[in-house]
Amino acid sequence: LDEPTSSLTAPEVEKLFKMMRQLKAQGIALIYISHKMDEIFEICDEISVLRDGSLVMTKPSKETDMNELIAAMVGRSLDNRFPPVDNTPGEVILSVQNISTKYAPKLQNISFDIKKGEIFGLLGPNGAGKSTTMNILTGYLSSTEGEAKINGIDILEEPVKAKQMIGYLPEQPPLYLDMTVMEYLKFVYGLKKCKLPINSHLKEICNLVKITDVKDRVIKNLSKGYKQRVGLAQALVGNPPVLILDEPTVGLDPKQIIEIRALIKKLGKNHTVILSSHILPEIQAVCDKIVIINRGKVVANDSADNLAKNMSADHKLVIRCEGNPADVKKLLSAIPGMDEVFVNRENVEEGVSEYFLNAKPGTDIRREVSKRLASRNYTLLMMKSSELTLEEVFLKITTGDIYGNVGDSVDKLKLSK
């Protein structure tokens with residue numbers, strides 16, 4: 001399977017992994033090729049790394065970690081995989097109020113505001129209306145009700161003026177492959193009727209996105225990472241205050257992903273960035289604010305941290321303790337109110353395993369867990385509340401269940417502001 005999840009949402013990835021585990025149980029061997037490190041560790045038993053045509057590492061997934069894997073891939077250690085969010089948003093620059101459409105997927109009163117200097121994440125399962133919303137913001141589609149304004153300019157009433165304030169990078173960069181990089185950027189410069197000095201402006205953009213060394217090369221001969229950079233460069237021509245980036249890191253290797261993320265953070269200092277991505281840890285790490293659209297409605301609008309807090313699960317614990325995993329599981333499963341004890345990782349260190357504990361909502365099991373482990377002389381080394389990741393928040397909001405099963409209506413979550 002070669003990059004099978006590149007265009008899948010989190011619930012779809014979970015379904016794929018479930019099928020893969022079923023195939024594994026039937027004795028079928030699977031080769032899984034991906035640049036998404038979190039997925040590699042979740043689904044793979046053994047990991048092999050190729051670099052420059054050579055096999056540089058093969059290890060069981062339990063015996064390595066993310067840093068070692070990335071270092072093997074790029075030939076050196078890489079720090080700061082997720083650049084810290086340090087932008088200070090200003091006043092509102094893009095306002096969406098009660099946007100609705102009659103065509104599928106139908107949008108129903110979509111509203112949100114985006115501030116200057118904000119890196120804004122737009123999430124939603126396939127068919128939820130996320131792409132329709134982005135197309136309305138870029139002026140490609142029109143809404144049947146509501147309004148979208150950039151710096152007070154209505155996108156429908158003054159489309160040319162509004163579009164001059166937007167730089168757009170679609171999922172497939174709009175590149176002319178037979179042009180050189182500089183020929184293409186000059187072509188885009190002319191299309192946008194840019195008034196800035198052409199040579200100094202394009203030189204500044206090339207330096208910013210780090211494509212100066214390939215500016216005279218034909219685009220079709222560039223790597224995917226460089227093509228993505230050229231796509232970012234065309235979005236920056238004319239220095240628009242708002243950048244809309246659709247899946248900017250899809251299919252890139254870890255080194256390229258880190259570089260693009262760092263670039264997005266840098267761009268966020270002088271531009272408002274709207275980022276759409278299926279890589280949820282990326283959204284969580286890079287974005288100041290997140291809107292989740294499901295079934296044509298805004299169902300969440302907040303920072304990733306606040307979303308996780310609003311859906312916090314105090315009855316869910318992660319523990320690490322000594323003892324035989326089967327015995328520990330049996331011991332803790334007998335606690336009143338305990339729904340599930342799941343062995344997450346065996347032998348995280350010698351004789352110590354990690355467990356997920358799920359109790360009935362409102363049940364505090366901490367003291368009983370500690371007491372029962374002590375009764376068997378099993379040392380408890382760690383206990384903490386299981387905070388929801390953005391992926392779990394996304395699954396909970398869009399399907400009603402962390403594990404991707406259709407549950408209660410998302411309207412009951414009352415997360416939207």
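The largest cavity is lined by Ile99, Ile136, Leu141, Ser142, Ser143, Glu147, Ala148, Asp154, Ile155 and Leu156, where a cavity is a set of points on a 1 Å grid over the protein atoms alone at which a 1.4 Å probe fits but cannot get out, and lining residues have an atom within 4 Å of a point. The model is a predicted one, in which local features need pLDDT of at least 70 and side-chain atom pairs count only at pLDDT 80 or more, whereas totals for chains, interfaces and linings use all residues. Residues are numbered from 1 along each chain as its sequence is written, and side-chain values use heavy atoms, with hydrogens and water left out.

Across the whole structure, 16 salt bridges are found (a side-chain nitrogen of Lys or Arg within 4 Å of a carboxyl oxygen of Asp or Glu). One of them joins the side chains of Glu259 and Arg229 at 3.0 Å, N to O; because Glu259 belongs to helix 9 (residues 254-267) and Arg229 to helix 8 (residues 224-236), this pair ties together parts that are 30 residues apart in sequence. Arg229 is buried, at 7% relative accessibility, while Glu259 is partly exposed at 31% (buried means under 20% relative accessible area, exposed over 50%, and partly exposed in between, with a 1.4 Å probe and protein chains only).

Ser276, in strand 10 (residues 272-276), is likewise buried, with a relative accessible area of 0%. Helices (H or I, at least four residues) and strands (E, at least two) are DSSP runs, numbered from the N terminus.

Key:
On a 1 Å grid over the protein atoms alone, a cavity is a set of points where a 1.4 Å probe fits but cannot get out, and a pocket is an open set with protein on both sides within 12 Å along at least five of seven lines; lining residues have an atom within 4 Å of a point.
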